Amino acid sequence: MTLTKNTNKSKYSTKKLDTLFSKIIRAKGKCSHCGSNQRLQCAHIHSRRYHQIRWDLRNAIPLCASCHLKFTYNPIAWQIYIEQSFGKNHWRDLMEKAQKIAKIDHQEVYEYLLKMEVHLTRLYE
């Protein structure tokens, strides 16, 4: 299968955006659950498959690998933790936004990527 130039660009931008997004979330420096600063990961509140909120800074928190694994296999505990930490409206509002249908095109991803790069630069200054 041959990919068109535009498809390659889009996939590259999505991958690069995912990487920057993860760095921004992990830059907070400690696990939101246990406070550890070891093996931090970017944990999405709702799955990355929901492109409407995939790169929404409200949809991810830093978790250590241990807490991330714990919550991955305990989705009810995860929802309870998020609702207690951020409020029930936070969980619901993200889910409502996630379920809206809208196409995200390459240009939109690229423009958002540029904003994320600026945000990341400010975090590390």
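At what angle do the axes of H3 and H4 cross, and within what distance do they come? In this predicted model, local features need pLDDT of at least 70 and side-chain atom pairs count only at pLDDT 80 or more, while totals for chains, interfaces and linings use all residues. Residues are numbered from 1 along each chain as its sequence is written, and side-chain values use heavy atoms, with hydrogens and water left out.

The axes of H3 and H4 come within 6 Å and cross at roughly 115°; axes are lines fitted to C-alpha atoms, for helices over the stretch in contact, and angles run from 0 to 180 degrees between N-to-C directions. On the H3 side the contact (heavy atoms within 4.5 Å) is made by Trp78, Gln79, Ile82, Glu83 and Phe86, and on the H4 side by Lys88, His90 and Trp91. These residues divide into 4 nonpolar, 2 polar and 2 charged, where Ala, Val, Leu, Ile, Met, Phe, Trp, Tyr, Cys and Pro count as nonpolar, Asp, Glu, Lys and Arg as charged, and the others, Gly among them, as polar.

Stepping back to the whole chain, there are 5 helices and 2 strands, taken as DSSP runs numbered from the N terminus (helices H or I, at least four residues; strands E, at least two). Their order from the N terminus is α-β-β-α-α-α-α. Of the 125 residues, 34% are buried, that is, under 20% relative accessible area with a 1.4 Å probe, protein chains only.

The largest nonpolar core has 17 residues, and Cys31, Ile45, Ile61, Leu63, Trp78, Tyr81 and Ile82 touch the most other members. Such a core is a set of buried Ala, Val, Leu, Ile, Met, Phe, Trp, Tyr and Cys residues joined through side-chain atoms within 4.5 Å. Two or more residues each come from E1, E2, H2 (65-72), H3 (75-86) and H4 (88-98), with H4 giving the most, 4 residues. Leaving out residues up to four places away in sequence, the neighbours touched by Ile61 include Trp78, Tyr81, Ile82 and Phe86.

His46 is found in the loop between strands E1 (40-44) and E2 (60-64). This histidine is buried, with a relative accessible area of 4%. A polar atom of its side chain lies 3.1 Å from the backbone oxygen of Trp91. Beyond its neighbours within four places in sequence, His46 is in contact with Ile53, Asn59, Trp91, Leu94 and Met95.

How values were computed
Buried means under 20% relative accessible area, exposed over 50%, partly exposed in between (1.4 Å probe, protein chains only). A polar contact is a pair of N or O atoms within 3.5 Å; within protein, one must be able to donate a hydrogen and the other to accept it, and residues adjacent in sequence count only if both atoms are side-chain atoms.
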